[in-house]
Amino acid sequence: MYLYNITLQRATAITHAIHGNFSGTKMQEIVISRGKSLEVLRPDPNTGKVHTLLTVEIFGVIRSLMSFRLTGGTKDYVIVGSDSGRIVILEYIPTKNAFEKVHQETFGKSGVRRIVPGQYLATDPRGRAVMIGAVEKQKLAYILNRDAQARLTISSPLEAHKSNTLVYHMVGVDVGYDNPMFACLEIDYEEADSDPTGEAAQKTQQTLTFYELDLGVNHVVRKYSEPLEEHANFLVTVPGGDDGPSGVLICSENYLTYKNLGDQHDIRCPIPRRRNDLDDPERGMIFVCSATHKTKSMFFFLAQTEQGDIFKITLETDEDMVTEIKLKYFDTVPVAAAMCVLKTGFLFVASEFGNHYLYQIAHLGDDDDELEFSSAMPLEEGDTFFFAPRSLRNLVLVDEMESLSPILSCRVADLAGEDTPQLYMLCGRGPRSSLRVLRHGLEVSEMAVSELPGNPNAVWTVKRRSDDEYDAYIIVSFVNATLVLSIGETVEEVTDSGFLGTTPTLSCSALSDDALVQVYPGGIRHICSDKRVNEWKAPGKKTIVKCAVNQRQVVIALSGGELAYFEMDPTGQLHEYKERKRMNSDVVCMALANVTPGEQLSLFLAVGLADSTVRIISLDPSDCLAPRSIQGLPVCAESLCIVEMGCTDRDADNAAAASTTSTLYLNIGLQNGALLRNVLDPVSGELSDTRTRYLGSRPVKLFRIRMQQSEAVLAMSSRSWLSYYYQSRFYLTPLSYESLEYASGFSSEQCPEGIVAISTNTLRILALEKLGAVFNQVSFPLEYTPRKFIIHPESNNLIITETEHNAYTEETKKQRRLQMAEEMKEAAGEEEQELAKEMADAFLNEDLPESVFSAPKAGHGMWASTLRIMDPVQGITHKLIRLEQNEAAMSSVLVKFQNQPQQILFLIVGIAKDFQLNPRHCNSGYLDTYKIDPMGRELEFVHRTPVDEVPMALCAYNGLLLAGVGRMLRLYDMGKKKLLRKCENKHIPNGIVNIQAMGKRIFVSDVQESVFMVRYKRAENQLIIFADDTHPRWITCTNVLDYDTVAVADKFGNIAIMRLPPNVSDDVEEDPTGHKSLWDRGLLNGASQKADTISTFHVGETVTWLQKATLIPGGWESLIYTTLSGTVGVLVPFTSREDHDFFQHLEMHMRSENPPLCGRDHISYRSYYYPVKNVIDGDLCEQYNSLEPVKQKSIASDLDRTPAEVSKKLEDIRTRYAF
């Protein structure tokens, strides 16, 4: 079995974010890392929407990211520390919309290792040097400079190693133009290592160490080191030189400290806490991330605590000496992995989990009534300040970037009855979790919907002058009339436009010299810019049946198959060409391309005829109306559209849509619901390279619109599709919207790139914002972290188990609040009773949503859990069962028991009681049994079965229940008072995390020893392991593909497919007593038969769900996987040997011609834990489309193909299985 890996939805989690002027213009961009890919984002300063300019897979783990600017430069570079053992400096080239590798310096082994640098990066704020550090021992400094051609140069590395030292964080200190200085948080473990009693480890203190890079003698010295009182977690550089006092802020547990070299004494300030917090008061509080904003006159820091509260930190100085630290509560946002403050006043928050946000900083919080805390305020040691969290005051949310991360479980199923399956996902963590329903399609925002007096049959928009930015009129054609609407603040009818209103219209268009043209069955009406009207009437009894118009040409088809051609002369008049052309059958559709800027006319006319052909006819003055080429079709064409795609108007600012070359494409919509896309040769008019996609059950109508400043095609069948070109790739994506009948592009101030469309008797104005997205999603909030869910077969409702560690149940929270309110009243004196009562009441009534302000942390070993029955289409919760404090639902399954009536379904939930994770300890658990009503909405509690370990896995098996309780595999049957244990197997080594059954075979996954194949022998009542795996695997999820084959994923990000060899027997016939397989310990300390690994692949992110399913109606089956970082991908099987050979060679060429950006070797990345086997990486192959044309040609010629054929093959394998 040979597989091909395709990513459908790239990772959505953000691990690092930096900002700077990467494109070299005044605009600031944000560069983010998503684990194994880099993205460039640009927030639009006018709309506040975040646009993705570029996404590039780097096939490596990004460990650190820094922006860097040479002294006096205007452009920022990106420095990447990855697992490649190399430091890489990238430059963003906006004209190519690509990253270019400026430098790549090797210093160590590849892989994420303790002593190989790459984990920490620090740059000198003045842009002279960079330091890259490892977790332990090694640090290297590089001096960066520019040569005579103003190119970036890099020195050889200078070592600053110190053995037996662990590093926690590292920053560059701003010292103006003195020698560059770096500050590190370190701990020396030498004594702790050699002391067997463990006392030294308790006493070892963290140190703050300054390293100075002496530019004169070219080496690094440890300048100064001092021990710290608290345990610190990160450092913040304070601006220096002429901008500030220099030095560092140390963020540690409960305290914020300012330190600097020289006479400066330390300034300490406690981290403020929330008043009346339900958290454990003994728990320490830390800052988790920060952002610095610096202008010429001032600077401040925004630092966020682990509860999400942001504080604004300022420093008071007196002649370069810092006198006090001031903190002020700013606002609360979800806990972030990184924050960036942009020059345009935006705050970008890359959330740890869940959606990411862009806020506008509306106020700096200087003049409000919020308390300001200062290090100068007297406090007892161990005391702190208190503040009250509130809803946003200084920040305004302007954009939300949807993120699936983390996906905890998923199902592909068509529960909404839409014939294309949806993906149901459990996402998020804690109170910010959600059930998300993903559908393949672009999200459509409705700008306006208005009713029309009847059912129209067509709609167009035209501009008043050809150089206007926005459209002026919407023309709507009815069966016997035409309505003209003007676009302004509102849309209203006008009568003086010059259009003929008493007839239906075939086409309206703006001509190039500010004139308009209306084609109707009786003739052509040419409305000049000064409102003069010229009419051309159809001759005799003939009428116009079809037409095609662009800025300078009009072609009409008269009844009987006669073509007449009009061209605009230099004076602006339309002139008919001297002869007409008769076609040998009726004309069903026609199309002209737009006139490209700088040319007089479009050279080709495409005509679809009733004899199921499309003909290309020349409009070149030398051979006007002569046939050029012909293409036969399986059925008659419904509509045609010629567009120029693959390029923008070479707009330098908009690099996102720019590519190498643009091509003319003829799109043909067929009456059977298929869409054909052909390349139209711009010189000869030949048609080549046909691509076909089936769109729906109705004939396909095509409309040319503008998207991302380039041409796109809207195709309408039973659903509407958009064919567009984005980031060097073609997309054909359905719109998630009801079916439309006719459309036209629409441009106004509110909606610069919209669509105006008609559906029955309404006129709709729509906008598409999230281009490039594969899915759009609907999200329903949940209360705790969702762990598992089951689909109820009859009602399609979901049964979700949500379990949260370190959390209180609602009941416990209520009791704690009451208890704290009582304590408040008791603590107050006699005369303060009234006030205390008011405060207590206010405290009991305050309702801060936990999804923003985070849930209280209860401490380790505290669990809260619920069972929820939910309608996945409407998002309604039918039933919610709350478990008691410290009962954690771990697993669930639906079972029909053999000794119960057939139609009754039971829900079994595995629950752990007082479960401690580290060290792992649990001595009691339960199997709760519920009866489900046939409607799938109610649960009736039947009984509870105590067990002595954690029931991590449950599975229905031939009318019985299989349970993995700790490391025991047990078989239970239904009893009156509890479940009855029938049989057990104690030979699974560590702990059962997953059980799947197919037929008689049982596939049991161990937490670290891969999969065991088990057979239940009814006669002897024994569960016997008959085969196992040869590799240890830390399994996260499995999926049985067929009776012999199982796909497994492990927590290190590998997917493997294992198959039992044909000679394996699970029928232990030759051993009638069944004792041999009990004492025969078989091969390699395991079973006597082994499964073969037939394919392995390193995804690079922990896979949380595997499922075999079809994603498109009529498509083929593929293996779908989702990961913790929010990736959705598929592994698809090759069906022919030649396809596999082709892709194998393409992958080989891509590895050598286009090595990964950050210096990691592609094949060793995909073989991180086990050598990659029988899987070809589609992510690498698809980078072919973004190579330079010269490279594309050379690779294609080595494969005996043309570049068009290679990209067609890449597109075909995608569309056969997915989108």
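Modeller: A residue is called exposed when its relative accessible area is over 50%, and buried when that value is under 20%. With these terms, one may turn to helix α10, which spans residues 1189-1198 of this predicted model. Its buried residues are Gln1192, Ile1195 and Ala1196. Viewed down the axis of α10, these buried residues fall within an arc of 100°, and therefore they line one face of the helix. The face turned away from that buried side carries exposed residues, namely Val1190, Lys1193 and Asp1198. Just after α10 comes Asp1200, which takes a positive phi of about 60°.

Val1007, Trp1034, Phe1052 and Tyr1169 make a nonpolar surface patch of about 340 Å². Of these, Tyr1169 is found in the loop between α8 (1162-1166) and β90 (1175-1177). Tyr1169 counts as partly exposed because its relative accessibility is 43%.

A word on confidence is also in order. The protein chain has an average pLDDT of 92, and 97% of the residues score at least 70. Over residues 648-660, however, the pLDDT is below 50, and this stretch has 28 contacts in the model beyond near neighbours in sequence. Where pLDDT is low, the predicted coordinates should not be read in detail.

Methods:
Residues are numbered from 1 along each chain as its sequence is written. This is a predicted model: local features need pLDDT of at least 70, side-chain atom pairs count only at pLDDT 80 or more; totals for chains, interfaces and linings use all residues. Side-chain values use heavy atoms; hydrogens and water are left out. Buried means under 20% relative accessible area, exposed over 50%, partly exposed in between (1.4 Å probe, protein chains only). Helices (H or I, at least four residues) and strands (E, at least two) are DSSP runs, numbered from the N terminus. The arc is that of the directions from the helix axis to the C-beta atoms. Patches are made of residues with over 30% relative accessible area and no salt bridge: like charges are joined within 9 Å, nonpolar side chains (Val, Leu, Ile, Met, Phe, Trp, Tyr) within 5 Å. Accessible areas come from the Shrake-Rupley method with a 1.4 Å probe; for residues, only the protein chains shown count as cover. A salt bridge is a side-chain nitrogen of Lys or Arg within 4 Å of a carboxyl oxygen of Asp or Glu. pLDDT is the predictor's confidence in each residue, from 0 to 100. Contact means heavy atoms within 4.5 Å.
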